[in-house]
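Morning, everyone. Let me take you through one model. Have a look at it first, then we'll go piece by piece.

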Amino acid sequence: MVESHLIVQPAGNLMPGRRVRLYGLLGLGVLLVLIIALAASIGSVAIPLTTTFSILADKLPFVDISPTWTNAMATVILEIRLPRVILAGLVGIALAIAGATYQGLFRNPLADPYLIGVAQGASLGAIIGFLLPAAWQVPGFGLIPLLAFTGALLSTATVYLLARVGKTLPVTTLILAGVALGALLGSVVSYLIISSGDKMHGIIFWLMGSFSLSQWSEVRIVLPYVAVGTAVILIFARIINVMQLDEEQAQQLGVNVERIKLILLAAATLITAASVSFVGTIGFVGIIIPHAVRLIWGADYRFLLPLSVLTGAIFMILTDLLARTVLSPAEIPIGVITAICGAPFFLYLLRRRKKAIF
Amino acid sequence: MVELKIIKATLGYNHSPVLREIDLEVFPGELVGLIGPNGCGKSTVIKALSHVINLISGRITVGGQDITSIPRRKLACLVGVVPQLPLLPSTFTAFEIVLMGRNPHLGLFQSEGPRDRSLAYEAMEKTATVSLANRHVNELSGGEIQSLLIARVLVQETQAILLDEPTANLDIGRQIDILDLMRRLCTENKITALAALHDLNLASQYCDRLVLINKGRVHAEGVPSEVITNANVKEVYGAENCVYTHPVNGLPTILVSPRRAKSNKD
């Protein structure tokens with residue numbers, strides 16, 4: 001045992017970058033809180049950042065601040081802006097971690113949360129919702145999210161059934177089945193869009209994503225999916241590392257590959273479906289955030305996943321802030337902003353780091 | 001200690017058999033060499049013994065227990081594999097790859113601790129790979145990766161080790177280092193080892209027993225002098241009169257010379 005104590009020391013130095021990643025997590029956590037407050041304070045009625053902080057802090061348990069703000073201010077922050085900010089954060093988390101998970105499962109850097117039919121299924125469901133007679137619309141949050149969610153799950157389930165070979169689910173078949181079914185549904189979506197007449201504008205806006213109708217009721221529905229799905233994926237982070245070898249080696253190292261594929265696919269698909277059902281098929285976040293995190297902090301999934309969660313939330317809240325303020329009072333579809341802001345930053349990272357990233 | 005048994009098993013992929021009704025046993029403390037021409041099914045045996053492929057018929061037992069009834073994680077604590085030059089994810093460092101050998105010993109909520117890291121370090125010392133620890137695996141040569149994979153299987157602390165061409169990419173010095181190490185593990189730790197080998201000389205020098213596979217069945221089996229004979233080598237590999245006796249230890253040794261064209265001979 002004396003001997004093994006001696007060699008613990010050098011072994012401790014064999015994992016460089018661990019501290020950098022821990023600082024990254026801490027820094028991003030603090031940044032996320034600041035960004036939430038910042039996004040809540042900016043809008044058509046400007047509310048000072050300090051006041052926003054006080055209003056938010058007052059809502060925390062065991063914190064009691066004597067109000068220096070009007071009730072109207074509190075309503076704007078807590079009932080109008082905060083649900084939108086929180087929903088944006090949740091969707092950012094969902095897309096980023098689902099993207100990272102798909103990339104890890106498929107060992108493919110081009111994988112994104114929409115690879116196996118979620119987006120096309122959701123789009124088709126939503127468009128059917130748009131085209132249904134107005135009388136059918138259910139009060140509350142409406143028929144569209146429900147149909148989009150159903151569409152997303154149905155199309156992913158179809159891809160899954162098509163891709164199965166015996167008792168196994170080869171990832172290549174899964175990707176190909178996803179791409180093929182996606183193309184099929186995509187063409188139906190395109191046809192429905194051009195024949196949708198005066199509803200076309202609304203449909204296209206939905207497809208490009210928007211948080212403009214966010215309310216607490218939507219946060220309450222999306223939150224459990226994102227929380228449970230994210231927790232499940234984070235638990236398997238070390239196993240996802242081992243699965244980066246290949247399926248055969250992972251099995252020989254004790255990983256029940258088929259079972260874990262199923263669990264992770266289900267978790268990533270559910271959180272993606274829950275998110276896109278409410279805010280539309282926001283592109284780019286799911287593929288780029290995990291890669292940006294990889295470029296900065298490396299590919300160990302135990303750090304990649306939580307860092308992607310925080311980065312995804314921050315990125316989505318900031319892009320939504322831009323979407324609603326740049327052309328205020330008009331709103332830009334969020335899908336436009338994510339690519340305009342995200343792509344140059346990502347290309348910068350890509351050029352700066354020449355090492356293999358995937 | 002664990003013994004591996006293949007009992008009247010037909011092995012193959014998608015129901016097309018590569019090996020038909022073969023029997024094979026490997027006992028603790030034994031280093032058994034699996035030899036045979038390209039494509040004869042050496043890797044298939046290793047895949048079946050690590051339950052990466054299912055049997056078409058027959059059965060395999062590990063320590064007396066049917067392999068299909070052993071959960072994957074438990075099996076990976078009993079049987080470790082050194083695969084033949086697999087693709088490794090380029091973004092991981094050599095140390096991280098070796099540390100992955102601890103996976104079967106860790107629960108879902110556990111992470112590698114100091115003991116796991118020091119085991120990995122020791123294994124890298126034994127395989128002379130410590131200097132590679134912080135390098136990304138895409139920067140390493142085939143031989144260096146081979147040595148890392150052997151370090152990884154040591155870290156796995158299994159009682160049986162299956163090696164698929166462990167010396168294929170190594171220079172002669174490393175070939176001897178690695179096989180010496182395996183030999184020592186068998187003798188001292190009573191490890192059960194099965195190695196698919198191309199090099200008949202290494203197989204002859206290092207293995208207690210050899211199993212020669214050809215055309216889907218076991219062609220010959222026994223100590224090296226029973227298996228590496230002129231008759232067997234001619235029948236299986238089509239190479240004539242190339243078996244000699246090692247001048248120092250008397251084990252069969254292959255010395256090749258070009259096939260003489262028939263017209264010259266006549």
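**Inside chain B, then the interface**

Start with a strand pair in chain B. Strand β1 (residues 4-13) and strand β4 (residues 57-62) run antiparallel, joined over five bridges. For a landmark, find B:Ile6: it sits opposite B:Ile60 of β4(B). One caution before going on: this is a predicted model.

Now widen the view. Which strands make up the sheet around that pair, and in what order? Four strands of chain B, ordered β2-β1-β4-β5. The sheet is open, and its pairing is antiparallel. At the edges are β2 (16-26) and β5 (65-66) of chain B. Each of those two pairs on one side only.

A quick reminder on pairing. Strands of a sheet pair through backbone hydrogen bonds, in either the parallel or the antiparallel sense.

β6(B) pairs with strand β7 of chain B, residues 160-164, over four bridges, and here the sense is parallel. B:Val79 has B:Ala160 in β7(B) as its bridge partner. Look along β6(B) and see which way the residues face. Buried or exposed?

Next, a helix. B:Ser204 lies in α7 of chain B, residues 200-206. Why do we call this serine buried? Because the relative accessible area of B:Ser204 is 1%, and the cut-off for buried is under 20%. What does B:Ser204 touch, beyond its neighbours within four places in sequence? The contacts are B:Leu210, B:Pro224, B:Ile228, B:Leu251 and B:Pro252.

Now the interface. On chain A, 34 residues are in contact with 43 residues of chain B. Interface size is often given as the accessible area lost when the parts come together. Here the two chains bury about 3,200 Å² between them. Carbon and sulfur atoms account for 61% of that.

What about charges? There are two salt bridges between chain A and chain B. One of them joins B:Lys47 to A:Glu248, with the closest N and O atoms 3.8 Å apart. Polar contacts across the interface come to nine residue pairs, both residues at pLDDT 80 or more.

Which elements of chain A give two or more residues to the side that touches chain B? They are α1 (2-12), α10 (237-243) and α11 (247-252). The largest share, five residues, comes from α1(A). By class, that side of chain A has 18 nonpolar, nine polar and seven charged residues.

Key:
Residues numbered from 1 in each chain as written. Chains lettered and ligands numbered in written order. Predicted model: local features only at pLDDT ≥ 70, side-chain atom pairs only at ≥ 80, totals over all residues. Heavy atoms only, no water. Contact = heavy atoms within 4.5 Å. Buried area = accessible area lost by both parts, 1.4 Å probe. Salt bridge = Lys/Arg side-chain N within 4 Å of Asp/Glu carboxyl O. Polar contact = N/O pair within 3.5 Å; in protein donor to acceptor, adjacent residues only side chain to side chain. Nonpolar A, V, L, I, M, F, W, Y, C, P; charged D, E, K, R; others polar. Pairing = 2+ DSSP bridges. Buried < 20%, exposed > 50% of the residue type's maximum accessible area, 1.4 Å probe, protein only.
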